[in-house]
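Here are some notes for a colleague opening this entry for the first time. They go from the overall layout to single residues.

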Amino acid sequence: MEHGAATAPLPDAFLHFLESNGIDPSIYTSIDSTPRYIRLKPGFEDCIEDVESEIKCKPKKLEWLLGFYTLPPHIQIASTNAYREGKIYGIDASSGAAVMALGISPGDHVLDLCAAPGAKLCMILDLLGDSGSVTGVDAARHRLAACRTMLQKYKLGDRCRLFVADGTTFSVIPEGFRSDSESLLNR
Ligand SMILES: C[S@@+](CC[C@H](N)C(=O)[O-])C[C@H]1O[C@@H](n2cnc3c(N)ncnc32)[C@H](O)[C@@H]1O
């Protein structure tokens, strides 16, 4: 969260929305109590013990989101070996939930508009493995550059196409995609 955003007053309409939905507004202002999350890269599940010994506290498994763990708010993961070596991601549970809600299956062709810096993009690629295709689009060149760096760090760079483009008009066919009519014509 940007500095200042946590202390800025919440708009009345938003406060009203929170109240009518029984949500405590302090969750938006008390960032000291907001947990951090990590996601283990598939294949590196064993590194959670190393993370625990480095950060000197036990990450708590998130039962409803595969591969995710909760950490206390004050814990920094950037200096851990697991993070530096691309074995864990820093990603919010809400981002993970959004990706899971897509119900991605092997072979899917996924378009991620507004993709940078790429936390969800990496998760999509991890779920797809070598199947299907992933296309990431972002309007900000410098943010897409950061996204490319993240993909390379996690060794996902050669499995994803990135475009600097406006997502509202982007229209490029996914790599390896064949519509039903094309498949029929080529039989
Ligand atoms: C909150 S970030 C997205 C986070 C990202 N999905 C992730 O999981 O890491 C919003 C991004 O949307 C991009 N963006 C905003 N308007 C856009 C547009 N019209 N077309 C493409 N990207 C856009 C911004 O440059 C910014 O990088």
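Which domains does the domain assignment of the chain give?

1. The assignment gives domain 1 (35-101) and domain 2 (104-176). Please keep in mind while reading that this is a predicted model. The C-alpha centres of domain 1 and domain 2 are 21 Å apart.

2. On the contact between the domains: 10 residues of domain 1 are in contact with nine residues of domain 2. On the domain 1 side, helix α5 (residues 93-101) gives the most, with four residues. By class, the residues on that side of domain 1 are five nonpolar, three polar and two charged.

3. The next point is a sheet. Four strands form an open sheet in the order β2-β3-β1-β4, and the pairing is antiparallel. The edges are taken by β2 (60-61) and β4 (88-90); each has a single partner strand, so one side of each has no neighbour in the sheet. Strand β1 (residues 36-40) and strand β3 (residues 68-71) run antiparallel and are joined by four bridges. In this pairing R36 stands opposite L71 of β3.

4. E49 belongs to helix α3 (residues 48-55). Is E49 buried or exposed? E49 is exposed, because 12 other C-beta atoms lie within 10 Å and a residue counts as exposed at 12 or fewer. Although E49 and P59 are 10 residues apart along the chain, their C-alpha atoms are separated by 9.0 Å.

5. Now the ligand. It is surrounded by 17 residues, of which the closest are C114, K120, A139, A140 and G167. Two elements that each supply at least two residues of this shell are α6 (119-128) and β6 (133-138). The shell divides into nine nonpolar, four polar and four charged residues.

6. Helix α6 deserves a separate look. How many of the 10 residues of α6 are buried? Nine are, so α6 is largely enclosed by the rest of the structure. The buried residues of α6 are K120, L121, C122, M123, I124, L125, D126, L127 and L128. K120, listed there as buried, is also among the residues closest to the ligand. After α6 comes G129, with a positive phi near 60°.

7. Most residues other than glycine have a negative phi, and most peptide bonds are trans. C114 is not a glycine, yet its phi is positive, about 60°. C114 is found in the loop between β5 and α6, and it is one of the residues closest to the ligand. With 12 other C-beta atoms within 10 Å, C114 is exposed.

8. The loop that holds C114 also contains P117, between β5 (109-113) and α6. Which peptide bond is cis here? The bond from A116 to P117 is cis, with omega near 5°.

9. K155 is another residue with a positive phi, about 55°, although it is not a glycine. K155 lies in the loop between α7 (141-153) and β7 (160-164). K155 is exposed, as it has 11 other C-beta atoms within 10 Å.

Technical notes
Residues are numbered from 1 along each chain as its sequence is written. This is a predicted model: local features need pLDDT of at least 70, side-chain atom pairs count only at pLDDT 80 or more; totals for chains, interfaces and linings use all residues. A residue is buried if 20 or more other C-beta atoms lie within 10 Å of its own, exposed if 12 or fewer, and partly exposed in between; C-beta atoms are placed from the backbone. A residue is near a molecule or strand if its C-beta atom, placed from the backbone, lies within 6 Å of it. Ala, Val, Leu, Ile, Met, Phe, Trp, Tyr, Cys and Pro count as nonpolar, Asp, Glu, Lys and Arg as charged, and the others, Gly among them, as polar. Two strands pair if DSSP finds at least two bridges between them. Domain bounds come from an automatic or database domain assignment. Two residues are in contact if their C-beta atoms, placed from the backbone, lie within 7 Å.
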